[in-house]
Amino acid sequence: MSEHHITPLKTYLAVAGTLFFLTAVTVWVSYFDFGSFNIVIAMGVATLKASIVALFFMHLLWDDKKNLTMFVMSLMFLGIFITVTLLDTGFRGGVNSEVESPINNRAAFYDSLPLTDTHGHPVDEHSADHHGEDEDHH
Amino acid sequence: MSHDNSSPKFLQHHFHDVEQQYETAKLGMWAFILTEVLTFGGLFVAYVVYRSWYPEMFVGANLLLDVNKGLLNTIVLITSSLTMVLAVWAIQKKNQKLSLFMLIATFLFAFMFLGIKYLEYSHKFEVGQLPGEYYSYMGPEIAHLNNPHIFFSIYFIMTGLHGLHVAIGMGLIAWLIYATAKGNLNSEYYTPMEMIGIFWHLVDLIWIYLFPLFYLI
Amino acid sequence: MDRLTEYLFPKQVSTFAADIDNLFYFIFYSSIVLFAIVVLGMMYLAIKYRFKKGDEVRLTSSKDHSNILEALFFIVPLILVSITFVWGIKSYLQMIIVPDDAIEIKVTGQSWFWTFDYPDGGTTLNELVVPSNTPIKIVLSSKDVLHSFFIPVMRTKMDCLPNRYNVMWFDAQEEGVYDILCTEYCGTGHSQMGAKVIVMKPAQYEAYVAELGSDDENIPLDELGAKLYTKKACNTCHTLDGSALVGPSYLQTSQMWGQERVFDDGSSTVIDDNYIRSSILEPQTQIVAGYQGVMPTYQGLLNDRELDALIAFLKSLQEDSQI
Amino acid sequence: MAENQKQNYLTHPKGIMSWLLTLDHKRIGLMYLFGGIAFFFLGGVLALGMRLELAAPGNDFVSNDTYNNMYTLHGAIMIFLFIIPAIPGALGNILLPLMLGAKDVAFPRLNLASFYIYTVGALFVMYTIISGGVDTGWTFYTPYSTTSTSNVIPMTMGIFVIGFSSILTGLNFIATIHKMRIPGLTWYKLPLFVWALYGTSLVQITATPVIAITMVLLILERLLGIGIFDPALGGDPVLYQHFFWFYSHPAVYIMILPAFGIISEIIPVHSRKKVWGYKFIAFSTLSIAFIGFLVWGHHMFTSGQSVFSQIVFSFITYFVGIPTGVKIFSWMLTMYKGQVSFTPPMLYALSFLFLFTIGGLTGIFLGAVALDIHLHDTYFVVAHFHYVMQGGTIIAFLGGLHHWWPKSMGTMYNQTVANICCLGVFLGFNGTFFPQFLLGLRGMPRRYATYDQQYAELHNYSSFWSGILGLSIFISIMNLLWSLRKNNKLDPGTNPWGGMTLEWTHTTSPPHPHNFEEEPVLEHGPYDYDKVIVEPTFKK
């Protein structure tokens, strides 16, 4: 087994350093609002991190390329699953608008849920009413 | 039908040589990783679809999660990935003691991850941010949004399944610690350690996605 | 072809039925040609090159490809499926794009009957009445599980989803009474969840809709009850002859009038007007032992007079059976 | 050495534990085979029960609820316990290492584990049956499956567990095919059955995890009301259908691709002819496996998915049809200038060509959206998928069983009886299912326990022939088992059909416990009937 590639320690430490750095970046960026780019940035950084883990920690960079193919294939099929499902869920109501969204947007059991404070304790009737009015103005 | 005396005892009878056995194990492991990715994949699809249907609710609900704990867990898990890879590195370098130390560290980090997860979960349980019909949290941040229970269902299922993988990983690492301490794994034969390492990095890799999806955006 | 159509298909009643049947024939005849090539070719080759008695086992031909044939196998089916695809989509678009002047009828599936709400307020159960030569837009939904609304003569069907609408439409060209079937499995009564579509002349339809609900005022209670028994689809689950279907027979209940009825939780109550009323409006609260609690509530589907009518009808069964 | 020659995997080593704990792929394959056949029998009895009920309108024999239980269990048992594990688990396990010249599959322990996981899944299913059955249909559509009072959870648990068995078999085969071939056995020299198993395994490992997670979500929906699939809680039943069919459509290819592989073996061997278009058959297997992942929505043409998806799914659906069509022509042309023997396996293969062509062509009707709307969830669909699953897969399975029976068991069945049974299966099958196309065109919906008088005649006809079908299959299997009687052993060197792949040329029948006395050396390709004469030891 000795002929297997042994990665130098420095590489591993550098990889871990990069991962910590990218984690910091993605958290820092999340404090700013870029609108719909929030998702793109977060996913971009995550994908970068994931690729680094796969290539260095999981040795795909040095391995038999069959293993890489296997991994890429899993992502490809996941991609197919997501995209093709979105072709339906994202485009309902294209011809008949009734079909687009559910009849009730809120599940029935919410009607019996009391409003709570941030600790999950029900707030009293009076302020609940008050809160309800508040919501109407939104 | 027996092998000649030169072949090592860990070589199974149906393989030609150690190289073939190692490569086969690795390919099998990657096929397994593929199935893992697609198992989580189903949940990612659920996430994407519901996020596209309830964008405001998702943004509102993920503000209820504790970013600090999530960040801490990310750091813990990346560190454990590093110690895992160093355990393999050490055994390749014939340093069994260091390898053992790194495995124990990995185990402890995994334990820490679950501990932090437990704190997070218990807080959610207290305030009623539960999955599905058990959901009861109607705090002012969320009361006006539709169906936040779906967000928490997906959150609990994804992090729960991930947590289950961490727990399984801990079991496997515990076995590695035992096998390394006994000397069954050494610089000649450490395939199980490398395979479990790959599994462990996958657990890390999935968390790399879960963290921003639930805590940040 | 007409005779074949008569044999193969139900009547063509909707405007697009003929087009869909023609698409069927296009695929049908192309398939027959392809099928004949495969089967005749197979039989010819198998018989011609069969291993005869006394033959020597020998080396056989090394021919294993032919570019022309392979190209042909690729191109001919490709052309056929391309036509099929385009035709299928063209007809499909015609089936889902509802004409602007369509009459909109709401169809609600519920285990195991259909409710039809007309634009001017009337409601019917298990009987859809539509005018001929008029586009009808059907807006579907379900109260409980998935159902699917299928009218074979119109060649159209669509699933009914709970908490979401689906849309289909048709334009009936011929008056008559036709079947409606449920084609999405929905439990015990799935195979009995049929209804009728009655296609009338537009003038008749107008009169029918105007009359809906008004004619029940003047008839005696038990007669009205007998009418409601079929009209409100009670007959899907409750018989009049004493045999148990999904629910207990009306006759049995009637014969037990004034006696105790035992429920699945062990409790019991006397069968009287109040019991019958609550078992129609809140069927899930008391479930007769030996049955499943699958009956939907009729709250909002029956008014007080109609409830009284059903009770009167049920009571009358016992007297009838004694004669 | 002479002593050694008499050893075969059936008799050596001895003892019940040597079977239960065996790591030998051939024994595991046999256990799969007998498990699969037992469930085939159970599913078949359920099917005959259903046909009995449907012989006339009205509830004559069973109630609606019993019927619903029967059809659900028939579907689930046939698909999850018989068809999916039967060919890869049984024939694949027995033959794959032999065809590669390997001593075993890559992971023998995993192989045994996957058999026991299958057994555990089967126990869940048996528990479901004993404790009162399940009535949701094998598709478990929500919200019916989340509200039904029947035993949905044990059944879905069973499917979840069996899924892992399927995954492990798949990944084992992939590693085996990549790494365990003898030197010189390059990809283009592999028997086509191996290619088919490779395609199947890829689908197994990519699609099956999704059914596992779907079943978990369904169970959680029942237990916690997570609101992902249940519309009463804000979920979407159509999304459930996407999840379900993302697995279950590719699962159709898990069922049919190995059948393609078997046919690609039987026809060249029994025609003693080089297979027509080797590379095409090999690559079309992979392309069908891949395209199969993109077409699941054609099961949902009336579900209310977006019009955009309807069009896309209909379009891609046709791309599965074309490679399949060329395959059929290739099998047909393989016989050209060959020496065709009408042996039982060959008769099954020819029946396959006839029946599968009908199954495939009726798929074209269902792929056209406008026409599918009329035909969806009617008996036309029932007939179509039985022509594919039974007329395709099960006929190929029976053909393969007859083809490799002398190899794996070392005995020869009565060929005349086998031929008559094959004819009975063929006629009985057509008699049962062809009328169902007509029923479907006339609008008879599926999953009905009773029906309108207008459908009575065709149903009656279908029920009558189903008896002949059932009887023929039963006798053909009994005929195989009867050959196992004492003193009916073939000479170990037998090669009854003159096969050219390694399992025929380089090992005994039944094979040696370690497959080969010594590692085989490849002398010719799998179908080189134009270069080498291999005498069949059985002549007719």
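Student: Which residue stands opposite Lys106(C) in β2(C)?

Tutor: Opposite Lys106(C) stands Asp117(C). This is a predicted model, in which local features need pLDDT of at least 70, side-chain atom pairs count only at pLDDT 80 or more, and totals for chains, interfaces and linings use all residues. Residues are numbered from 1 along each chain as its sequence is written, while chains are lettered from A and ligands numbered from 1 in the order in which they are written.

Student: What makes β1 and β2 of chain C paired strands?

Tutor: Pairing requires that DSSP find at least two bridges between two strands, a strand being a DSSP run of E with at least two residues, numbered from the N terminus. Between β1 (residues 103-110) and β2 (residues 113-117) of chain C there are 5 bridges, so the two are paired, and they run antiparallel.

Student: Why is one side of β3 and of β8 of chain C left without a neighbour in the sheet?

Tutor: The open sheet has the order β3-β2-β1-β5-β8 (chain C), with mixed pairing. β3 (123-125) and β8 (166-171) of chain C stand at its edges, each with a single partner strand, so one side of each lacks a neighbour there.

Student: How do you know which residues of α2 in chain B are buried?

Tutor: A residue is buried if 20 or more other C-beta atoms, placed from the backbone, lie within 10 Å of its own, exposed if 12 or fewer, and partly exposed in between. In helix α2 (residues 55-62) of chain B, Met57(B), Phe58(B) and Ala61(B) are buried, whereas Pro55(B) and Glu56(B), on the face turned away, are exposed.

Technical notes
Helix = DSSP H or I, 4+ residues; strand = E, 2+ residues; numbered from the N terminus.
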